[in-house]
There are 2 protein chains.
Amino acid sequence: MPTFTIGIDYGTNSVRAVVVDTADGRVVGTKVFDYPSGEQGVLLDPKQPHLARQNPADYVEGLRVAVVDALKAAEGDPQFSRDRVIGIGVDTTGSTPLPVDAKARPLAADARWKNNLAAHAWLWKDHTSAAEAVAITETATAHAPELLAPIGGTYSSEWWWSKIWHCLKMAPDVFDAAASWVELADFVPAVLAGVDDPRKIVRCICAAGHKAMYADAWGGLPPKSFLSRLDPKLADLRDRLYDHAYAPGRPAGTLSAEWAKTLGLREGIAIAMGGFDAHYGAVGSGVRTGTLVKIIGTSTCDCAIAPVADEIANVPGICGIVNGSIMPDYFGIEAGQSAVGDLLKWWVEGVCRGGDALHAQLSAEASTLAPGESGLIALDWNNGNRTILVDTRLTGLILGQTLHTSRAEIYRALIEATAFGARAIIERMRDYGVAIDRVVCCGGIAEKNDLFMQIYADVIGQPMLIAGSPQTPALGSAVSAAVTAGAAGGGYDTWTEAQDRMTSLKAKRFDPRHDAKAVYDELYRIYHELHDAFGLPAAAAANAGARPDLGTLMKRLLALKERTVNRVAAV
Amino acid sequence: MPTFTIGIDYGTNSVRAVVVDTADGRVVGTKVFDYPSGEQGVLLDPKQPHLARQNPADYVEGLRVAVVDALKAAEGDPQFSRDRVIGIGVDTTGSTPLPVDAKARPLAADARWKNNLAAHAWLWKDHTSAAEAVAITETATAHAPELLAPIGGTYSSEWWWSKIWHCLKMAPDVFDAAASWVELADFVPAVLAGVDDPRKIVRCICAAGHKAMYADAWGGLPPKSFLSRLDPKLADLRDRLYDHAYAPGRPAGTLSAEWAKTLGLREGIAIAMGGFDAHYGAVGSGVRTGTLVKIIGTSTCDCAIAPVADEIANVPGICGIVNGSIMPDYFGIEAGQSAVGDLLKWWVEGVCRGGDALHAQLSAEASTLAPGESGLIALDWNNGNRTILVDTRLTGLILGQTLHTSRAEIYRALIEATAFGARAIIERMRDYGVAIDRVVCCGGIAEKNDLFMQIYADVIGQPMLIAGSPQTPALGSAVSAAVTAGAAGGGYDTWTEAQDRMTSLKAKRFDPRHDAKAVYDELYRIYHELHDAFGLPAAAAANAGARPDLGTLMKRLLALKERTVNRVAAV
């Protein structure tokens, strides 16, 4: 008898619900709900350009509308029955914390606070807390460096403590009124489960470990002694947060009577642990030992897992390695590139002033070039470097231009730069014992830009595979719900089995081409010379390997160009 | 009683004649003649993209038409009379050698050779002789390094011996048929003087010293022992060339009866020594000790002079230092940048796909930026670096881009890069004892692009002056004719007096602004770090001064950007 789970994906502008057949991952019903508040769902403040908040009421209304309508759509499928829905999974953006009252209700739902932006949800891309992030990094570096080791050495302005501390400083009344704070990823499952006490909200290790410096090694959240150095009120808050965070696979709760009625589902079905969209996207892409999942969009998020038994060390420059953050019994490993699609968008739209047609035209022109033919090399740092340098204050570089260099050549060089950046991440992971033997991509670029994908295959030297689902986070949430329900509940007892059945790859794939890879191996060495020269302090650069001779670098590129042109001419 | 001289300027596509009042440099008649042959006067070969030749018949026809029509135009001036024309001066492109027969006639004028491109004039920008240039440099480096010292250490494919040797190799019949070879700058005066024997052609030190490795130190042209290492036939040719070359000021001859009749002028008037356009352009811009003349166009040619008594040493990386090449008793010092206007043209037309309107728009947008505000820095090497690195195999670099970097910011950064390159040349000259205390510019960019000129003033820290004449080479040739005629002949006995009377500066000038200069001083140090890191061999870069720390370079640019933005905001 078929069973179904629901995956709910909270994005930046909308929430999507999918109803999935657990037998094969087939989507039988779906609905997207656009958040009604603010600008495309984001609350802005003209006086604070770095501010980005969301109205928690949109989350709750979106939950209702998206699931109800997805279920309605599913009823068109002859196999489907509401009785056979066995669980619900939720993924969200993050770190997106919101303050809640003593009944676990969003503070913003209270008339007293509804016009105060600090009382709303602090969206992942809110950057008002830059000063707090710097102070947290400095304080931890000086007094508790172990806290930073699993998160790459730098605490971000996008993360939990930066945001809550900023609220404490800028809106102390909101901070004082908050009984607790909760990540959106934990808030939605708690809503479905009818939790009415913040201390009873089940918190996911995914958000706790990657964004809140939670780890077993120091007993959960950072010690009060550390938080007191930031502000004694943050140490007090620790008592009102949580002592334990959990990996997915166990339930975050069961569906409450009230929400069962609202959605037209059975009361008591499993609610999976919440998780971040990237992590559940990795699950929905079939992540397993040896697989790197790349979610390629404006920026890139890379996810991999490694068995806890392998005792992966801290990998320098990797944003986060957290036990259980993607799947239980595995380290969840997260990395990323700050600008990928955005880098091409900058070139095509910002500089060349074109649109989709120019994207397509430059892509077509760039496709006719052989690797090395342009003589160009670029660094992909226009938005800083997230991994492996963890430095937002790095900038772009393009080198090798002549008076004949075309915009299509630069377009290709920028794609190549992001591919070199991707390779640097993979090599760093491998250097520290994380196996990577296949790469699965998802996101619009992966599905649409063949040139991009072929360059990545050639540069990385691995087949580039594409996830079968265009909605991997929602699918991953549905997988998580199936595992949480368990075989006895009509789902699966293991993640491997659930993924094998419910996730897939597209038939289309991109394999490395031998000649192109050979040229890219040389270009990657040149990229790495520039990477280390401009990205590392002088002393570190000197120790980073063979001393680069930048004085010959332009000539080496020209030699490669001439060799390539001659080879093309000889064909 | 007023007197007049004629200046004739042979450019790449046309020849211009001006009739000038020697009292004040006023132009009383002018005519431009477009060469009729080939593409805009240049003979091309689709199978040899580096080939660029000219038909010597165009030179002779152009001489006749341009001067006859300029004189006709002058007759509209009430002061003018043909009887009062006291001399003719000629400047040309170079090195532009052509083979001649035993009567000093162009070989190409002979029906037997007229369809052979090797028998025509080898235009300055003909680059077919790259291999020969490399071989000459290598041979001289190994066996006669003194030959290379005055020309910056590298022999060019654009120069005399490279071209003649290439002719010998590729068209030995033409080489064998040539009684001698002559630079265009010497050919035209010889035509006017009716010279009918190549050995009697008066050769200018300007071409000989800068392009043919002629110097008193080794008895004129390179010794036969050296030429024999290249090819014994080149050593034989040496006997059919010349033993002496002369500075301007003495006559190259007097006007022949035949040409006096053709032009409607008095027989026997002075014909000045020929010279290169850049050198006579410097004369027409008022070059003197302490003055650098910058001829700013697609590329830039920089000319300065220094008294021979100062015993200027060889200046490393300067293209040429030749006794008497611009004026007698002074070293003529020549430097240049390979791409200036071409760099902006590449950006605006090649990359941004605009025309004159976009040039103007980007210039206007870039004018609103403060120095340092973009956070960008660039190297001006898209066409290699002529001075001070003397390396055609260097390429461009742009650094500091973010996702918000605009094309106007890059446009400005490219202008700044050329200004930094210009400053590097001036600092090198000063380091080796050449005084530079004012800069006079000529060329279209100097007259039209105020942003460009202000950036140069701020970067160089000197007032940027603009030559009064839009035709400084032709004016300089007319000055030379007046000096050659001498006071007794109605002209002047000294160059200083002739220049004071006949040349001028525009009232418009650009003075350095204190705050901008301070920022550019910092940016120039960053430019120089990149310059040495990418332009010098590793060992030389290490010795070139304080060790640069490229690992902090992007952050230093950001700090400068933030300081600038804060200062702008504070105003």
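These questions and answers explain some terms used for this predicted model. Local features need pLDDT of at least 70 and side-chain atom pairs count only at pLDDT 80 or more, whereas totals for chains, interfaces and linings use all residues. Residues are numbered from 1 along each chain as its sequence is written, chains are lettered from A and ligands numbered from 1 in the order in which they are written, and side-chain values use heavy atoms, with hydrogens and water left out.

Q: Why is Val134(A) called partly exposed?
A: Buried means under 20% relative accessible area, exposed means over 50%, and partly exposed is in between (1.4 Å probe, protein chains only). Val134(A) has 45% relative accessibility, so Val134(A) counts as partly exposed. Val134(A) lies in helix H2 (residues 130-143) of chain A; helices (H or I, at least four residues) and strands (E, at least two) are DSSP runs, numbered from the N terminus.

Q: What makes strand E1 (residues 4-10) of chain A largely enclosed by the rest of the structure?
A: Seven of its seven residues are buried, so E1(A) is largely enclosed. Phe4(A), Ile6(A), Ile8(A) and Tyr10(A) point one way, Thr5(A), Gly7(A) and Asp9(A) point the other way, and all are buried.

Q: How do you know that E1(A) pairs with strand E2 (residues 14-21) of chain A?
A: Two strands pair if DSSP finds at least two bridges between them. Seven bridges join E1(A) to E2(A), and these strands run antiparallel. Phe4(A) stands opposite Asp21(A) in E2(A), and a hairpin joins E1(A) to E2(A) through three residues.

Q: How do you know that E1(A) pairs with strand E6 (residues 85-92) of chain A?
A: Seven bridges join E1(A) to E6(A), and these two run parallel. The bridge partner of Tyr10(A) in E6(A) is Thr92(A).

Q: Why is helix H13 (residues 407-431) of chain A called roughly perpendicular to helix H18 (residues 514-535) of chain A?
A: H13(A) and H18(A) pack at an angle of about 80°, with their axes 10 Å apart. Axes are lines fitted to C-alpha atoms, for helices over the stretch in contact, and angles run from 0 to 180 degrees between N-to-C directions. Angles under 35 degrees count as roughly parallel, over 145 as roughly antiparallel, 65 to 115 as roughly perpendicular and the rest as oblique. The helices are therefore roughly perpendicular.

Q: Which residues of H13(A) and H18(A) meet?
A: Contact means heavy atoms within 4.5 Å. Among the residues that meet are Phe420(A) and Ala424(A) in H13(A), and Tyr524(A) and Tyr527(A) in H18(A).

Q: What makes strand E19 (377-379) of chain A an edge of its sheet?
A: The open sheet of four strands has the order E19(A)-E20(A)-E18(B)-E17(B), with antiparallel pairing. E19(A) and strand E17 (377-379) of chain B each have a single partner strand, so one side of each is left without a neighbour in the sheet. E19(A) pairs over three bridges with strand E20 (residues 396-401) of chain A, where Leu399(A) stands opposite Ile377(A).

Q: What makes a set of residues a nonpolar core?
A: A nonpolar core is a set of buried Ala, Val, Leu, Ile, Met, Phe, Trp, Tyr and Cys residues joined through side-chain atoms within 4.5 Å. Of the 163 residues in the largest one, Trp347(A), Phe534(A), Trp347(B) and Phe534(B) touch the most other members. A second, separate core of 78 residues includes Tyr35(B) and Trp495(B).
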